[in-house]
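Below is a short walk through a protein structure.

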Amino acid sequence: MTTQIINGLAVEIDGNGEALLCIHGLGGSSNTWTPLLAALSDFKVIRPDLPGSARSPLLAEPLTIEGYAASLEVLLADLGVESVHVLAHSLGTVVAQHLAVRNPGKIKSLALFGPLVAPPEAARPNIVARAAAARGGAAAMQEIADAIVKGATSPETKAEQPAVLALVRESVMRQSPEGYAQSCEALAKAQSAEIERIGVPTLLVTGDQDGVAPPANVAAMAARITGSRQVVFDGCGHWTTFEKPQRCTQELEQFYASLR
């Protein structure tokens with residue numbers, strides 16, 4: 001395992017094989033994918049912290065979905081990667097969809113956890129309000145983290161997996177207030193990619209209690225992406241890779257085996 005700084009992005013790179021780009025979500029980092037590495041052992045796994053998240057500094061320009069996608073395109077070019085599988089969570093799934101549409105022929109597959117095409121209109125003001133709250137500093141970030149633990153994990157996770165709650169809380173509290181605020185604003189302004197143009201194998205995974213990516217919304221996504229497959233985990237909220245790592249591993253192993 002190596003960690004590199006490439007064009008300002010902190011990137012962890014593991015293994016050999018076909019390239020696999022992992023894109024975390026809002027409040028996430030490269031560690032979003034640590035529980036799943038066993039399922040990815042056949043790949044060269046590229047796990048960046050997105051601009052403004054975790055160990056990666058902010059860009060000169062305000063964060064946007066298009067800016068995220070452009071940063072990842074530069075990263076892949078710098079690494080000499082001409083085609084890539086993409087694994088993403090939450091906000092990262094929006095970026096992944098835009099990447100796939102922007103780079104036809106370069107994206108080999110999509111595995112999207114807690115996926116959404118864009119926030120519903122009713123949710124956008126709340127995301128903007130969270131950005132404003134985040135700028136209150138460390139104490140505000142702690143309050144945001146506690147609210148996310150409460151609202152975005154399942155009752156089963158809360159009752160049976162206290163370490164997962166700590167991990168989610170730590171992931172959010174490790175974000176810089178301004179970086180998190182701009183990440184929220186990027187999500188609040190996100191628009192759907194033309195996902196009908198996606199023509200690669202696509203796996204869509206969500207939890208039965210995921211309020212960000214409700215199963216009905218994910219089913220609507222699946223209907224727009226030809227040949228995609230939806231999986232719904234029982235007793236799971238939005239932090240899929242932390243709440244159900246074994247199930248995620250099983251689905252990924254099956255998905256990637258089907259591509260060989």
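S228 is buried: its relative accessible area is 18%, so it falls under the 20% cut-off. The model is predicted, and this value is computed from it. In the chain, S228 sits in the loop that runs between α8 (215-224) and β8 (229-233). Its side chain has a polar partner. A polar atom of that side chain is 2.9 Å from the backbone oxygen of I225. What else does S228 touch, leaving aside its neighbours within four places in sequence? The contacts are T202, L204 and A222.

Now take the whole protein chain. It holds 10 helices and eight strands. Its radius of gyration is 17 Å, close to the 18 Å that the globule rule gives for 260 residues, so the chain is as compact as a globular protein of that length. The C-alpha trace spans about 45 × 40 × 35 Å along its principal axes. Of the 260 residues, 55% are buried. The contacts reach across the sequence. Count those between residues at least 6 apart in sequence, and 76% of them join residues at least 24 apart.

One helix pair deserves a look. Two packed helices are described by the angle between their axes and the distance between the axes. For α4 (residues 138-152) and α6 (residues 162-173), the angle is about 145° and the axes are 9 Å apart. The crossing of α4 past α6 is right-handed. Which residues meet there? From α4 come M141, Q142, I144, A145, D146, I148 and V149. From α6 come L165, V168, R169, V172 and M173. By class, the residues of this contact are nine nonpolar, one polar and two charged.

Finally, the backbone. Most residues other than glycine have a negative phi. A54 belongs to the loop between β4 (43-48) and α1 (65-78). A54 is partly exposed, because its relative accessible area of 31% lies between the 20% and 50% limits.

S90 is another case. Its phi is near 55°, also positive in a residue other than glycine. S90 is in the loop between β5 (84-89) and α2 (91-102). Is S90 buried or exposed? With a relative accessible area of 9%, S90 is buried.

Conventions. Residues numbered from 1 in each chain as written. Predicted model: local features only at pLDDT ≥ 70, side-chain atom pairs only at ≥ 80, totals over all residues. Heavy atoms only, no water. Helix = DSSP H or I, 4+ residues; strand = E, 2+ residues; numbered from the N terminus. Buried < 20%, exposed > 50% of the residue type's maximum accessible area, 1.4 Å probe, protein only. Polar contact = N/O pair within 3.5 Å; in protein donor to acceptor, adjacent residues only side chain to side chain. Contact = heavy atoms within 4.5 Å. Axes fitted to C-alpha atoms, helices over the stretch in contact; angles between N-to-C directions. Left-handed = near helix turned anticlockwise from the far one by under 90°. Nonpolar A, V, L, I, M, F, W, Y, C, P; charged D, E, K, R; others polar. Rg over C-alpha atoms; globule rule 2.2 N^0.38 Å.
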